[in-house]
Amino acid sequence: MQAMFSAWVQYLPQLLRGVGVTLELTGLSLVVAVVFGFILALSRLSHIRGLNLLATWYVEIIRAIPVLILLFTAYYSLGQLGIVLSAMQAAVVTLGGFYATQYGEIFRGAILSIDRGQTEAAAALGLPSVAIMRRVILPQAFFAILPPATNQLSNLIKDTSLVFTISLADLMYQTYSALSLNFLPMDMLLLAGIIYFIFYLVIAKLLGRWELNVQQSRS
Amino acid sequence: MSSKVVVSAKHVTKRFGSQVVFEDVTLDVHKKEVVAIIGPSGAGKSTFIRCVNRLHPFDEGTLEVLGHTLTGGGHSPSREILQDIRTRVGMVFQTFNLFPHLSVLNNIILAPMEVKKIHRQQAARQAMELLALVGLEHKAEMFPRRLSGGEQQRVAICRALAMDPEIMLFDEPTSMLDPELVGEVLAAIRRLAQQGMTMLLVTHEMQFAKEVADTVIIMADHGIVEKGPAAKVLDAPATERARVFLRRILKPTEVAAEAAAPARGRF
């Protein structure tokens with residue numbers, strides 16, 4: 001036990017360097033996923049047939065493929081086509097592009113879950129469709145989005161660990177390089193697991209509180 | 001009635017797929033006229049008034065609303081025409097459809113601010129005046145879910161009136177209410193009728209229809225079966241179909257007894 005603690009103290013700084021990369025990657029991927037996901041959701045809800053079809057196929061195909069294949073495709077295969085991405089760029093494109101399908105479906109489901117009467121009432125008042133979306137539908141959909149969105153965020157954080165395979169120096173990469181030098185896999189993996197768990201706790205707590213605030217402001 | 005015609009339906013037909021909702025509906029509504037539409041469910045009453053503000057498209061015929069002509073069969077009116085109609089025609093729904101994420105006040109001022117670009121303070125002042133008329137000014141800051149059905153429907157009426165409409169459509173405004181809450185909503189509608197608002201009212205409240213409506217229309221079997229002054233249509237209907245419908249509505253216990261009678265002998 002004593003030995004494990006001293007190993008943790010010794011290697012914590014190295015792992016924390018990886019934490020910075022993991023957080024950066026998570027943040028950037030989340031932004032891409034949310035923005036692109038919202039576009040996908042609106043496209044799938046639109047009556048423009050081409051747009052609708054394109055978004056539907058994108059979602060159905062991308063979410064069926066393992067993230068690791070997508071990651072290798074972005075990092076190695078695109079290079080064959082002359083599109084050279086840095087490890088960070090490839091990781092953000094992959095995770096953002098993959099989680100956009102998850103967030104897109106969450107957004108779409110939430111928008112569809114709003115009662116038709118809401119759209120009708122707003123339309124009957126003369127509100128144009130953009131205003132109906134912005135002032136009536138989305139504020140209500142937001143409520144239904146928070147719990148599943150939190151879930152997907154914790155999945156996203158865990159999936160960032162895949163980027164160690166393309167040598168992006170995230171938490172997993174630092175853990176792996178530490179344990180391959182010190183031969184203390186148990187100590188290092190346990191420490192990394194604890195750090196990932198802390199991420200999860202903090203996010204669950206923050207979003208849980210936010211959700212509660214939203215709920216209370218509406219009663 | 002010789003005043004201006006504000007809604008004029010000519011041979012309007014509406015289908016959902018191959019199923020006919022109503023056919024060949026022809027009807028004029030004059031300024032300040034109160035028209036009550038009654039009839040059995042499934043007759044297309046609600047669908048018809050939803051065609052007036054184009055919440056539903058229709059398939060054949062023409063519908064003139066406040067100087068704009070809507071046509072059937074896939075022709076969509078321009079965005080400007082649609083918006084002009086909808087801002088000048090208010091609607092109250094069976095299920096209230098208040099916006100649950102907005103306070104009572106914000107429900108009412110949303111459209112005046114978004115569509116008419118009225119300043120918030122002015123919109124709020126007008127909203128409070130409307131709420132005071134229905135006795136709900138003390139509920140302005142509350143959220144809809146805290147209100148009773150009758151209060152929600154009165155707020156919904158205020159929300160529609162905040163756009164200062166020329167015509168009001170009521171789609172079975174009291175059907176979802178507990179019986180003891182119906183009166184307060186009818187009172188609000190009655191006052192509106194007395195002020196000379198042009199109204200199309202789908203309702204099952206026969207007594208109320210007789211009292212406030214100038215004209216009563218009975219829709220059944222996919223069309224208008226009877227149309228005329230309220231007292232005449234309700235007390236002395238000319239057609240057999242109207243008589244059958246009215247008897248079922250006004251004397252349900254007798255009808256039930258008759259329906260049960262032939263079966264009695266068998267047991």
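Visitor: What should I know before I start?

Guide: This is a predicted model, where local features need pLDDT of at least 70, side-chain atom pairs count only at pLDDT 80 or more, and totals for chains, interfaces and linings use all residues. Residues are numbered from 1 along each chain as its sequence is written, while chains are lettered from A and ligands numbered from 1 in the order in which they are written.

Visitor: How many helices and strands does chain A have?

Guide: Start with the rule. Helices (H or I, at least four residues) and strands (E, at least two) are DSSP runs, numbered from the N terminus. Chain A has eight helices and zero strands. Its C-alpha atoms fill a box of roughly 70 × 50 × 20 Å, taken along the principal axes.

Visitor: What share of chain A is buried?

Guide: Count C-beta atoms, placed from the backbone. A residue is buried if 20 or more others lie within 10 Å of its own, exposed if 12 or fewer, and partly exposed in between. In chain A, buried residues make up 35% of the 219 residues.

Visitor: At what angle do α1(A) and α8(A) pack?

Guide: Axes are lines fitted to C-alpha atoms, for helices over the stretch in contact, and angles run from 0 to 180 degrees between N-to-C directions. Helix α1 (residues 2-45) and helix α8 (residues 185-216) of chain A pack at about 55°, with axes 10 Å apart. That makes α1(A) oblique to α8(A). Here is the scale: under 35 degrees is roughly parallel, over 145 roughly antiparallel, 65 to 115 roughly perpendicular, and the rest oblique.

Visitor: Which residues make that contact?

Guide: Two residues are in contact if their C-beta atoms, placed from the backbone, lie within 7 Å. From α1(A) come A:M4, A:A7, A:W8, A:Y11, A:L15 and A:V19. From α8(A) come A:D187, A:M188, A:L191, A:A192 and A:I195. They divide into ten nonpolar, no polar and one charged. For those classes, Ala, Val, Leu, Ile, Met, Phe, Trp, Tyr, Cys and Pro count as nonpolar, Asp, Glu, Lys and Arg as charged, and the others, Gly among them, as polar.

Visitor: In what order do the strands of the open sheet in chain B stand?

Guide: Strands of a sheet pair through backbone hydrogen bonds, either parallel or antiparallel. Two strands pair if DSSP finds at least two bridges between them. The open sheet of four strands in chain B has the order β2-β1-β4-β5, with antiparallel pairing. β2 (19-30) and β5 (68-71) stand at the edges with a single partner strand each, so one side of each is left without a neighbour in the sheet. Neighbouring strands are turned by 20° against each other on average, direction ignored.

Visitor: How many bridges join β1 to β4 in chain B?

Guide: Five bridges join β1 (residues 5-16) to β4 (residues 60-65). B:V6 is buried, with 20 other C-beta atoms within 10 Å. Leaving aside neighbours within four places in sequence, its contacts include B:V29, B:L66 and B:T198.

Visitor: Is β9(B) buried or exposed?

Guide: Six of the six residues of β9 (residues 215-220) of chain B are buried, so this strand is largely enclosed by the rest of the structure. B:T215, B:I217 and B:M219 point one way, and B:V216, B:I218 and B:A220 the other way.

Visitor: Which strands pair with β9(B)?

Guide: β3 (residues 34-38) of chain B runs parallel to β9(B), joined by four bridges. Here B:V35 stands opposite B:T215. β10 (residues 223-229) of chain B pairs with β9(B) in the antiparallel sense over six bridges. There, B:V216 stands opposite B:G228. β9(B) and β10(B) form a hairpin with two residues between them, and B:D221 in the turn has a positive phi of about 45°.

Visitor: How many residues does each chain bring to the contact between A and B?

Guide: Chain B brings 18 residues and chain A brings 17. α2 (79-88) and α3 (104-114) of chain B each supply at least two residues of chain B's side. That side divides into ten nonpolar, six polar and two charged.

Visitor: What encloses α3(B)?

Guide: Nine of its eleven residues are buried, so α3(B) is largely enclosed by the rest of the structure. The buried residues pack against α6 (129-159) of chain A together with α4 (120-133) and α5 (149-161) of chain B.
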